[in-house]
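Me: Please put the structure up, and then let us go through how some of its parts are arranged.
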Amino acid sequence: MSRVSSDGLGGPNLAVDLCDRSTFRAGPPHDVFRRFREEQPVAFLPEPDGPGFWGVFRYDDVVEVSRHPQRFSSAPSVFIQDPPDATVTQELLINQDPPRHTKLRKLVNRGFTPRQISALEPHVREIVVGLVDRAAAMGQFDLVHDLAVELPLQVIAELVGVPHEDRHRVSAWTERMMSNDDDDQSAMQADARAAITEMFAYADRLIATRVDGEGTDLLSVLLRADVDGEALTQFEIDVFFMLLMNAGSETTRNLITGGTLALFQHPDQRALLAAQPEHLPTAIEEMLRWVTPVMHFRRTAREDCEIGGQAIAAGDKVVMWYTSANRDEAQFPNADTFDITRAPNEHVAFGAGGPHFCLGASLARLEARILFEEMLARMPALGPAGDPVHLKSNFINGIKSLPVRV
Ligand code: HEM
């Protein structure tokens, strides 16, 4: 079949490489995404060492793909490039389809319901107050390193069952897997694989300490799990552990830093939030839309079909660009305006609906709300003390460092 967009546009102007991480050097290329939405909303794009993929850029089309897992599979992978070694990838919850996905997700779902998560509020506030007060005492600090990394890491480590003193070892592994911030692609992949091996060996040691099988942490829950009468294998538990630690710590940190940066860059919105903190819940939704910490996920077409009038063949890769959907004017009036009172705000930062919708959405919202409440109250004059350093990634919209002054 022809892999030319049905609108016949394209041409050299839109021949931008969305797999080239340097395209994201200064953050997401929103102008490029706008042009795709307007000129080639479903566009066939190249990928290194692979067949290429359909980029989907409009809100409605992203929702359509996300909500039809029968047509768009999460297997073999939700990442653009197929992994060189599929053994780990195929076990990941996020790469599974129903019915196995439904069964695996049920194992951990109960720990993440809005009710369970709101019960964590006093403890999360205790962690936040400790971190904010420690940072405030420094006068000047790095928002990423000293606050944004620590909060989600401490919380997910406790939930999963990683001892407090080990959390930085685990986050060093998740960073090596997720950050993909090195120019040497093959060195980066080799390092990510080494990090996975080290993390699995660590998870195996943790599992060995849970001899009584009575614990309430997620690792213990997984050890007791029963799927169709069978326990999970140690390898399956290792993979689950890796997903929870990665997803729990590498995402929310970027909501916190990206959200703070947005407030620095929009002093009117910041002043409004300081004067009327009751806007915080809508402000956090707007930060999620504005930042979109996870920029895309992929599906694979199971059958010949259409997206937005574009023919797609069975087996084609289809990539939902949440970053673009979240700036789609057809869905968000004045989409390029950061408006902390925006309502409704049906952003797709946690996914666009369907069975894989972010498991940790309530947790991420809780962590962000408490952190901003305490920062606004305890550091009212917080301001930048240097330029942010962006992560060079086409997957995570991240900031590596943001010096701030109290
Ligand atoms: C601001 C923070 C976060 C963002 C932006 C985010 C974003 C996402 C997105 C876009 C998806 C895929 C949704 C889909 O395919 O429909 C996802 C899935 C997932 N998220 Fe999050 N996430 C965040 C925080 C968290 C946290 C704190 C956890 C804690 C455990 C978590 C755990 C997961 C898991 C396990 C999945 C896979 C669910 C499945 O396959 O069924 N996330 N997240």
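Reply: A crossing is left-handed if the near helix is turned anticlockwise from the far one by less than a right angle, and right-handed if clockwise. The model is predicted, so local features need pLDDT of at least 70 and side-chain atom pairs pLDDT 80 or more, while totals for chains, interfaces and linings use all residues. Residues are numbered from 1 along each chain as its sequence is written, and side-chain values use heavy atoms, with hydrogens and water left out.

Me: In which hand does α13 pass α17?
Reply: Helix α13 covers residues 252-265 and helix α17 residues 361-378, and they pack at an angle of about 40 degrees with their axes 10 Å apart. The crossing of α13 past α17 is right-handed.

Me: Which atom of the protein is the donor to the iron atom of the ligand?
Reply: Donors are N, O and S atoms within 2.8 Å of the metal, or 3.2 Å for Na, K and Ca. C358 lies in the loop between α16 (322-325) and α17. At 2.3 Å from the iron, the single donor from the protein is C358 (SG).

Me: How are α8 and α12 oriented to each other?
Reply: Helix α8 (residues 150-160) and helix α12 (residues 234-249) have axes 8 Å apart. Their angle is about 155 degrees, and α8 and α12 are therefore roughly antiparallel.

Technical notes: Axes are lines fitted to C-alpha atoms, for helices over the stretch in contact, and angles run from 0 to 180 degrees between N-to-C directions. Helices (H or I, at least four residues) and strands (E, at least two) are DSSP runs, numbered from the N terminus. Angles under 35 degrees count as roughly parallel, over 145 as roughly antiparallel, 65 to 115 as roughly perpendicular and the rest as oblique.
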